[in-house]
Amino acid sequence: MSASRRSVLGAAMAAPLLAQFTGTASADTAGPGALGTVSDGWIEVRWTEQAQALLDRFQAVVEPVAPARLVQDAKGKAIRFPVRSGQGDPAPADPAQAHGNGRLDGGVQFRTPDGIVRLTELEGSLGDGLASGKGVANGIEVAHRAVARPEWHEGVLRTENVPLGRPMRVRITDVPLRPTPEMVETLGTAFGGTGLTTATVLGHVTAEGVYTPPKA
């Protein structure tokens with residue numbers, strides 16, 4: 001697999017990984033203490049049959065890189081990543097307004113007949129309803145903007161009932177991820193006719209963590 005294809009495949013997986021707790025310039029330019037923080041969290045990514053079909057084209061087997069781990073249940077397989085750090089606003093009242101940025105521990109590797117693509121040092125951001133991300137694929141940094149569109153209204157949000165301003169455990173389940181027009185074009189250029197459109201669900205994200213609001 002060429003370096004350019006590794007970049008596209010890596011970014012396609014990396015971008016959604018931080019979807020719940022990750023932003024855009026709004027997070028990067030916020031003053032110290034202006035955003036809340038995320039701790040004791042994890043993010044789980046479960047890919048769909050459409051995404052698996054793309055992996056099958058390259059006879060790729062997906063494996064976690066510790067401390068990420070494989071999760072398997074009645075719904076199929078997923079990879080769960082511990083959240084190393086994160087800041088932002090999960091916007092429980094309106095998850096479509098969630099924004100921030102963060103990093104994950106561990107990684108994911110794609111084992112193919114041509115070799116292994118190992119993706120680590122995962123970082124991501126979320127803002128304006130779009131997820132972007134970057135990571136290191138076999139020692140080469142890869143990054144793409146506006147890769148995926150999380151459909152928050154289709155997920156299930158649960159929060160603790162705590163006093164205003166106190167740390168709150170947040171969990172959002174089964175958020176569909178659809179590619180942006182930019183990512184559909186990029187995948188088409190790299191891999192040829194993929195059959196993917198902006199309506200295709202590439203995966204579902206479930207995330208949980210303790211959100212500590214910024215000090216007033």
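Biologist: Which exposed residues are on the face of α4 turned away from its buried side?

Modeller: This is a predicted model: local features need pLDDT of at least 70, side-chain atom pairs count only at pLDDT 80 or more, and totals for chains, interfaces and linings use all residues. Residues are numbered from 1 along each chain as its sequence is written, and side-chain values use heavy atoms, with hydrogens and water left out. "Exposed" means over 50% relative accessible area, "buried" under 20%, and "partly exposed" in between (1.4 Å probe, protein chains only). Turned away from the buried side of α4, the exposed residues are P181, E185 and T189.

Biologist: And within what arc do the buried residues of α4 fall?

Modeller: Helices (H or I, at least four residues) and strands (E, at least two) are DSSP runs, numbered from the N terminus. In α4, residues 181–191, the buried ones are M183, V184, L187, A190 and F191. They line one face of the helix, because seen down the axis of α4 they fall within an arc of 135°. That arc is the one made by the directions from the helix axis to the C-beta atoms, and here its value is 135°.

Biologist: What about α3: within what arc do its buried residues fall?

Modeller: Helix α3 covers residues 49–57, and A51, L54 and L55 are buried there. Looking down the axis of α3, you'd see those buried residues lining one face, because they fall within an arc of 100°.

Biologist: Is N138 buried, partly exposed or exposed, and at what relative accessible area?

Modeller: N138 belongs to the loop between β8 (130–137) and β9 (140–150). Its phi is positive, near 50°, and N138 isn't a glycine. As for surface, N138 is partly exposed, at a relative accessible area of 37%.

Biologist: What is the phi of D174, roughly?

Modeller: You'll find D174 in strand β11, residues 168–179. D174 is partly exposed, with a relative accessible area of 27%. Although D174 isn't a glycine, its phi is positive, at about 55°.

Biologist: Which residue lies over the face of W42?

Modeller: A charge sits over a ring if NZ of Lys or CZ of Arg is within 6 Å of the ring centre and within 35 degrees of the ring normal. At 3.7 Å from the ring centre of W42, the residue over its face is R80.

Biologist: Last one: how many aromatic pairs does the structure hold?

Modeller: Rings of Phe, Tyr and Trp (its six-membered ring) pair if their centres lie within 6.5 Å; planes under 30 degrees apart are stacked, over 60 edge-to-face, and the rest tilted. Going by that, the number of aromatic pairs in the structure is zero.
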